[in-house]
Structures are given as C-alpha cells and as structure tokens.
Amino acid sequence: MSVATPDRPGLTVSGHPISSPLKDVRTLARHMVGHFVENIAPCGTLPGDAIHGDITTITRTCLELAINILDGHNLPQQTERLHDAAATWAREGVPIDTIHHAIHEGFKIGFDLVINHTTNHTTTTTTGTPHTTLTHTDYHNLIHGAKLIVDMLDTMTTTVSTAYVRELKTVVTEHHTAVHTLTSALLGGHPTTTMARECGIDITDTYHTLALHIPPHPDEHNPLLDTKIVARRKLRRLQAQLATTTHTTPLHLLSTDGGTLLLPHTTPTDTLHHLITTLSQAARVPVTATVITTPTHEIPTAADQAHQLLDMVTRLHSEPGLYRFDDLALEYQLTRPGPGREYLGSLLTPLDHHPELLQTLRTHIAHNLNRQKTARLLHVHTNTVDYRLKRVAQLTGFDPTQASGLWYLRSALVARSYGD
C-alpha cells in the first residue's frame, strides 16, 4: 500500500514541519528501543546484539519512513527493509505479537511528540488563559497528518504480517519436508544420524510406532461440500493438535485417512491413550491406533506389524482407541493363514443366511458385551438383542453368553474377517 506520493508538499504547523520532533532519529530510536525493552516483556529477553543491532536499525528505518511521508516523500526501500527484517524475525522465532506491539508503542511515542510540539504553538491572553495561534491550514494539516499516521501504521503492520507469514510458511514447509524425509528414512531402515543432525531432531534408541486410522468426517459425505477440503481441514486440525500435545518433534507420515506416527519410548502409555483421545477431539472423528514399542533399527518391522494390527482392529469393528500388541496377541495369531483359521471361520457358516444375527454378534462383542450399547447402535430393544444371541447359540452350537462359546465365536469372527 502506498501512503504518499513523491510530489505532495510536506505538512507544517505554524510554519514548522510536523515531522520536526522526529528529526533526531538516532536519539529517538535509542529512546524507543529502551522503552521496548523495559515495557514489552519478550523484548527484554532478546540477545543484546539483536537489541542494539537489528532492532535499533529497523526502529530508525521506521522513523525515517514516517518523517519522509510527513514531509511528502515516499521511499519504497525503507518499506523493503522492514519487509526483510520481518522475514528474519520469523525465521529467528521472534513472536509476531511482540513485533506488532513494539510498532504500536513506537507510534504512540512518536504521535505524543508531534502533538506536544503542536500544542507549544500557543499564546497567553491578558486573563492568563491559553489561546491557540494555529490557523485553519494548520488544523487541516494536523488532520491530514493524523490520517497519514494511521496509513503508515497500516502499511507497517501489513508489511510485517505479510513478510512474517510468508517466511513462516517457508520455514514450516522446510521443517515438514525434513520431518517427512527423516520419518521415511526410519520407516525404510536407512541410516538417519546425519539426517537427524541436519534437521535438528534427536533420535532415541527406542520408539513407540503407532499406526493410525482416521475415519471420514461426516461432512466428507455431504454432496454440497468440497469433500477434499473437508478432509484436509480434518487432517490439519489433527496435525496442529499433535504438534502442541507432544513435547518432542513428532515424526509422522499422515494422510487424511491415517498413517504412521513415531514417538520416543519415554512417552508413557497413559500419555499415548490421552494423545489418541485429544487427536480424536481435534479431528472431530474417533481415531483408532495400534502401537508397537521397538528399538529404532526395528522400526520398519514394527510399523508393518502395527498396521497389520490396525487392519485387524478395523475389520473387527472394534471401538476406537489405542490398542497394544499385548491386547491383541491372540487375535493376531488367529489371523495367520492355515487350517486353524479356516476351521474357525467355518463356525459362522450357519449365520450366512441370517445377516442380522451376524451383525448383532459382531456389534455385541466389539462393544464389550454391553447389551444396552448394542441395542442402541442397532436401534433395537435389549430383548431383541437377547433373542438374537440365543438364535446364534442355536444355529452355531456356541453360546455367546458363556465363556467357552464366546471364545470360539470371537475367534471365528477374527478368522472370518480375513477369510472374507
């Protein structure tokens, strides 16, 4: 945005430039920077060379820009310096709210100086009351000057925001690329020491390898919406939550329907359960995950095993949440090919012509034999659930209300899910 034209006359009050109190740029810049350090907490934590170097230089640049605009000049190179400085601050991690707060504080100091300089042009009447000597032109220039100050603030804020966000996007993209490259190397079993050092990420000896399933958001089925945008927004919410919840850089390869996440083994299991809960809340869909803990060099095998477990959990329509291998060891073994799996799968053949019975059995087992929840999910009465379970016992010879019968039926569901 351009706030002035080169040919515009400079603004004056009582014959003096409005910019007069700002002319001692070096002294005023030091005063402003000192005010920033004392009154804006984050500024006081910046290194001394930043305070006395880059920050002071840019403060002088902003003052020079203000003086030139009030005097009727417009120097694009000064705006470019502010743009370059904002990009540097973004890369160095200086908070953008601190930058904007400093700019506004600087404007308040400068505006007070201009107003105080203007009010000095008064005379005292014989009665002792102050009387202004400002002319109509002076008032006009003051109003015009105030508008220019607002325009200058807009220009500086826009310049800083645009440069900061653009650079931050570049930094984030570079970081994401590095994280994805490092994660891919770990999952591929390739050497990662040098790569991790270049990324600034510490590699531990042992990792939790998580396989994640992210189901579609309800809006992804809405024909009136762009489903790709809905899915990407879901993923961004999940990634943002992941970045703020974990205390280390999360290594992950995630898409809109799931992926792989690597976390240091120092992360407690209880924290992993909480993490999956918070990710579900952020994505607004129930996330399911399986986890295998293994030495770093065995991550490729662990990832493959974790995704096999996840596939099994989703095939069984188990409740969303976090599952460990210990929770699924028996089911995992039942999925291995062989005559045992074929025999167990055949136990449910009598239910092939009764899909409502098979659905009731699967839902009942998947939700920890909770009759009320099963009935609610199937939209039937609990008595109907009881009746259907009795029919399952009559047709298969295995009673789902008895421990031995339930064991065979659950095993048959596991085997059947892979036989299908």
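Leu369 is partly exposed, with a relative accessible area of 39%; buried stands for under 20% relative accessible area, exposed for over 50%, and partly exposed for the range in between, with a 1.4 Å probe and protein chains only. The model is a predicted one, in which local features need pLDDT of at least 70 and side-chain atom pairs count only at pLDDT 80 or more, while totals for chains, interfaces and linings use all residues. Residues are numbered from 1 along each chain as its sequence is written, and side-chain values use heavy atoms, with hydrogens and water left out.

Leu369 lies in the loop between α13 and α14; helices (H or I, at least four residues) and strands (E, at least two) are DSSP runs, numbered from the N terminus. Most residues other than glycine have a negative phi. Leu369 has a positive phi of about 60° although it is not a glycine. Asn368 is placed in the loop between α13 and α14, and its phi, near 55°, is likewise a positive value in a residue other than glycine. With 62% relative accessibility, Asn368 counts as exposed. Ala366 belongs to helix α13 (residues 355–366) and is buried, its relative accessible area being 12%. In sequence Ala366 and His317 are 49 residues apart, but in space the C-alpha to C-alpha distance is 6.3 Å.

Salt bridges were searched for in the whole structure, and seven were found. A salt bridge is here a side-chain nitrogen of Lys or Arg within 4 Å of a carboxyl oxygen of Asp or Glu. One of them joins Asp386 and Arg371, with the closest N and O atoms 2.8 Å apart. Because Asp386 lies in helix α15 and Arg371 in helix α14 (residues 371–378), this pair ties together parts that are 15 residues apart in sequence. Both residues are partly exposed, Asp386 at 24% relative accessibility and Arg371 at 29%.

A salt bridge is also formed by Lys234 and Glu220, whose closest N and O atoms are 2.9 Å apart. This pair links distant parts of the chain, with Lys234 in helix α8 and Glu220 in the loop between β5 (206–213) and α8, 14 residues apart. Lys234 and Glu220 are both buried. Within helix α5 (residues 96–119), Glu105 and Lys108 are three residues apart, and therefore separated by about one helical turn. Their salt bridge has its closest N and O atoms 2.9 Å apart. Glu105 is buried, with a relative accessible area of 12%, whereas Lys108 is partly exposed at 48%.

A pair of aromatic rings is described by the distance of the centres and the angle of the planes. Rings of Phe, Tyr and Trp (its six-membered ring) pair if their centres lie within 6.5 Å; planes under 30 degrees apart count as stacked, over 60 as edge-to-face and the rest as tilted. By this rule there are two aromatic pairs. Phe398 and Tyr408 form a stacked pair, at 5.0 Å centre to centre and with 25° between the planes. The pair links distant parts of the chain: Phe398 is in the loop between α15 (382–396) and α16 (403–419), and Tyr408 is in helix α16, 10 residues apart. The ring centres of Trp407 and Tyr408 are 5.2 Å apart and the planes stand at 80°, so this pair is edge-to-face. Tyr408 is partly exposed, with a relative accessible area of 33%, and Trp407 is partly exposed at 41%.

Two surface patches are described next. Patches are made of residues with over 30% relative accessible area and no salt bridge, where like charges are joined within 9 Å and nonpolar side chains (Val, Leu, Ile, Met, Phe, Trp, Tyr) within 5 Å. Accessible areas come from the Shrake-Rupley method with a 1.4 Å probe, and for residues only the protein chains shown count as cover. Leu330, Tyr343, Trp407 and Tyr408 form a nonpolar patch on the surface, with about 410 Å² of accessible area together. Leu330 is located in helix α11 (residues 325–334) and counts as partly exposed at 43% relative accessibility.

A positive surface patch consists of Lys228, Arg232, Arg233, Arg236 and Arg284. Lys and Arg count as positive and Asp and Glu as negative, while His and the chain ends are not counted. The place of a charge is taken as NZ of Lys, CZ of Arg, CG of Asp or CD of Glu. Lys228 is found in helix α8 (residues 227–245) and, at 61% relative accessibility, counts as exposed.
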